[in-house]
Amino acid sequence: MRNAYLTLTAALLLIPRLTTAQAAQPAPAVAAGTGTADVGGMFTTTDGDEARYERYRDTRDGAYTNITWGRETGSYLFDASASHIGYRDQRYNVDYSRRRFDFGFHWTSLPLNYSYLTRTAFVTNGTTLTLPDSTQAAVQGPGNSTTDGTAVGVPCAPGAPPAACTSTNAAQIAQAKANRSIYDSLANPFDLRHQRDTALFDVRYAATSTVDLDARFLSSGRDGQQPWNASFAFNTAVELPQPLDQRTNDVSVGASWTNPKGMFRVGWDGSWFTNHNQILTWDNPIRSTDFTNGSTVFNCPASGPSGPWDCSGYSNGNGPARGREALAPSNMMNVVSAVAMYKLAARTTLNGTLQFTNQRQDEDLIPWTINSVIDQPATFTNFPHLSALPRSTAEAEAQGINALINFTTRPSRRTSVNVRYRYNKRDVQTPIFDATEYVRFDAVPEEVEEGFSPQFDNSRDFFDANLSFSTNGWGTLRAGYGREDITRHGRGFADVGENIFRLSYDAYSNQYVTVRGNVDLGWRRGSGFVETGIDYEEGPGGTQPTLRYYDEADRDRTRGSIVITAMPSDRVDVFFQFAGTRDKYLVDESAPVDRPGEHFGLQRQTTTSYNVGFNFHPTDVVSLGANYGRDSFGSFQRSRNANPAPDPTWTDPSRDWTLDNDDHVNNVGLYVDMTRPVRNTDIRFGYDYSDSNNSFVHGGPRVTSLTDIGQFIPLPNVENSWHRLTADVTYFLNTRVGVGVGYYFETLDVSDFNTIDTDGPVGFAPATGDPRLDWLGGLTLGYGNRPYTGHTANVRVVYRF
Amino acid sequence: MNQNRWFAWAAITLTILFMAAFVTATEPVVAAREAAAPLQQKAAAPQAPAPQPAPQAGYVGESTCLTCHDQSYKGTKHALAFNERTPAATHGCESCHGPGQKHAASGDPELIKRFSKLSPAEASATCTSCHNRASHALWDGSQHDQRNISCVTCHSVHGSKGPSQLKAGTVVQQCATCHRSITNKVYRYNHMPVREGAMTCASCHNVHGSTNVKLLRAGTTVDESCTSCHADKRGPYLWEHAPVSESCVTCHDPHGSNNDRMLVSKQPFLCQRCHVTSRHPPTVYDGFQLNNSQNANKIFGRGCTNCHQMVHGSNAPSGKTLLR
């Protein structure tokens, strides 16, 4: 297939040359275009996680192709290129310009290779994923009992003695881990990956010297599979390969008028996302029939018999035989916009935009549940709301208004003033959906007070003003103030406002050194906190009353950066860069005195980044450089492990715990480019390195008490180190023909406790590189973070024509 | 061959044939181009300069400039004389450097516009006298303009190395001259396909000025920018997840991360920053749970989204807790 692509595309690219040669020309002889054909072979070997080595690339053995062709005449310019023809990461570009007309076509194929080590017992038939009925029955057992299953579906699930997987008995725990799922022996290997192919057409036509018309069409298709989760209970997390078949089509058209004084453009952008896989249905690995205890109660009373569903079915796995999910809905978005810019007197410019946005989707809704034991008239006696959906389609819609106005004036060479105002509004128009009765996990119908769909509207007003003053060759000092006000609906705070002060300094006139630095100070405060409960027992959604969501919480922010570049000569520059941010989330001082003083959620967050390096061009044909960077990220959060109020643990500070997350990263980059240092030879080297040491450290009184009873084990750090080496040597035999050799090396070493290998979680057990699909409480595909080493070499002929 | 492949073949074939029709138009060829190379600046072909209109007062014409200075802007789009908006179709070198009569007469470098001596605003004003359309329309007052970055800070008409006449070899290298703390993130093992060459910084950002925050190219909010490609997350959904409606960067780091899914922290701990409720959300998920309990499924693999898969929003009537 790849050879067919190569042959046909090369032939098509040569058509203009052939037809031109055949055309009768009364004028002087037509010269052919020029280009480069860089073709040869590519070869790859990999150890370890081959898919991770490839990731967004296709490194399979085969033809290496990189072809460019262009032609310029007195009336047009044409450029075309094709790379990696026939591979999953192939790209094509065509650009054509005439006097008033520009046209472009761009094709990009982008694979995302998750893993070639994955296995699954699920059989995919469209959007239905099934397991063998006999195996499901063997796991479930003959009598719908929780303990008489004859095979293990998910370790610790019913049928996997011991039934309770929260035992503290070491022998029972060891037994549970040793009980392999029957599906492990049935799982078949497959490549887990998907592909995104994007075609972009864009056209610009200069109708007159001042009027341009532009149009753009983009179509992006995504197919393949991605890892997806679809679970049934606390003890039955299931990962399966979700089939993908999606397409997004975007159309943009606009007209603009421009002259030396200003410009004005109106445009329309439309986007349509189509998901051909709307609904996912999949089998339960631990049940072949919907659970029923035969009861005729059809409810979960506080005492006495209940059923016929297991009222704890969402936690113990006594639920449905199948599940059904609504996948990403097909949707559309329309934007009508106007952009204008006008130059006033005295070096003053005014520009701005106004946009109206509409997003909507109206997909058919799936029923409340696929569980036949629940979806029957007898249930509706106690759950009347479940007898029918409030409406048959989503009727989801959001409208937006966005405006920006920007005023800049330079009253003198030394001063400039900039004032900006931005307004964004998102207004959710979706009718509220009443799910005060719904079905959890397809296992248990429930009634909930907070069962109405929220409407997360928000509007933002942002005002920003800056004053700059330039000294005579000593740089520019800028001071600014910004104020952002956000009004939200459906969140913790109704209103949030932030004052931002900034100071920056830029020295750029000196030929030996440039300095650019800035510092921002921000103070964000919320008001109108939404309380629930008479005594402020709970926050919205049953949260701890002093929890603040960190994207709206009171916060003090300090952020700064500095870039210093020294250029002792025009052949060398040395640079230093620092960037840092510190966010501190504050205790809510408006809390009533009778509320606990603790403040939950994210408490603080810091990032720092240092980089030093140099670039050196000792001669016109040699350039080299190096960079070292050190990044640090830290966050601290607090929570409380408690039962719901009025249980005493709800307000017990001894149940508090904290998490301290620190990630330290080193980055190294080296490059050497030599253009003909040796006769007729181009040489390029590159080396990049990045590592990470990511720690997750629990603390606090709850952790201390768990440690005292032997029920706490610290998590190992998540570590990785990545190296990449590239080398390319091209030798030109003459002005037209050359030979090239390229080498690409990449290796990743990674240890991540969320990856389960054959002996268990990596970091607790030695990494083997082979996935284990069935770990405590879950049946997975085996997708994880595993090491690899890969080598890719190419040998090719370069022909210039 | 599936439907998508047929579509690809049809699109490619039709486009190539369409362009072939154009390039067979019987126009006399003025010059042949040099062999295409990754560089934007091509070596000048041995050709006579494009015919210039008669110089206006104060202008001397490009041929006068070339008696002392090399014509190193040839081979770039500025040199496309068939486009009436280019310097080659107007005043040549003097389109940007201003009338050169006095400079040519005396040789005094002070009598011609030199970009290395201009203030950033003055340099940018020269470029934006033409480049004031489409993606360049909002340069004045933009974030880079306010920091006294000028067009010639990043671009070079005469000595470019990279695409769009950038001074650096690639877009990422150019941005790294100031934003290395960001560009280093492309090397983290969960990343967008920037280091594979499928994207650049300019895929998401319009550094020349934008109607969106953070100089994002598409839309007017962070979400609109991200969902211009990730339209499956756009919704709107029947059940929305509040941080998703606010901003994708509440949970994700789009530049690169050492956490899965480019998250700013690892699951379940990221979710536990906000879900401080009762029962299983604020449980201490540690090594003991991972090795001794069915609660291991909240830690390994995809963490909370092992069950709450519809984390971006759900369209299922029973999707209130994002389980369906």
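**Salt bridges and burial in a predicted model**

Student: Why is Arg85(B) called partly exposed?

Tutor: Arg85(B) has a relative accessible area of 21%. Buried means under 20%, exposed over 50%, and partly exposed in between (1.4 Å probe, protein chains only), so Arg85(B) counts as partly exposed. This is a predicted model, where local features need pLDDT of at least 70, side-chain atom pairs count only at pLDDT 80 or more, and totals for chains, interfaces and linings use all residues. Residues are numbered from 1 along each chain as its sequence is written, chains are lettered from A and ligands numbered from 1 in the order written, and side-chain values use heavy atoms, leaving out hydrogens and water.

Student: What makes Asp212(A) and Arg85(B) a salt bridge?

Tutor: Their closest N and O atoms are 2.6 Å apart. The term asks for a side-chain nitrogen of Lys or Arg within 4 Å of a carboxyl oxygen of Asp or Glu, so the pair qualifies. The pair crosses between chains, from strand S11 of chain A to the loop between helix H2 and helix H3 of chain B. Strands (E, at least two residues) and helices (H or I, at least four) are DSSP runs, numbered from the N terminus.

Student: And why is Asp212(A) called buried?

Tutor: Its relative accessible area is 3%, so Asp212(A) falls in the buried class.

Student: How do you know that Arg684(A) and Asp673(A) form a salt bridge?

Tutor: Their closest N and O atoms are 3.6 Å apart, so the pair meets the criterion. At 53% relative accessibility, Arg684(A) counts as exposed, whereas Asp673(A), at 25%, counts as partly exposed.
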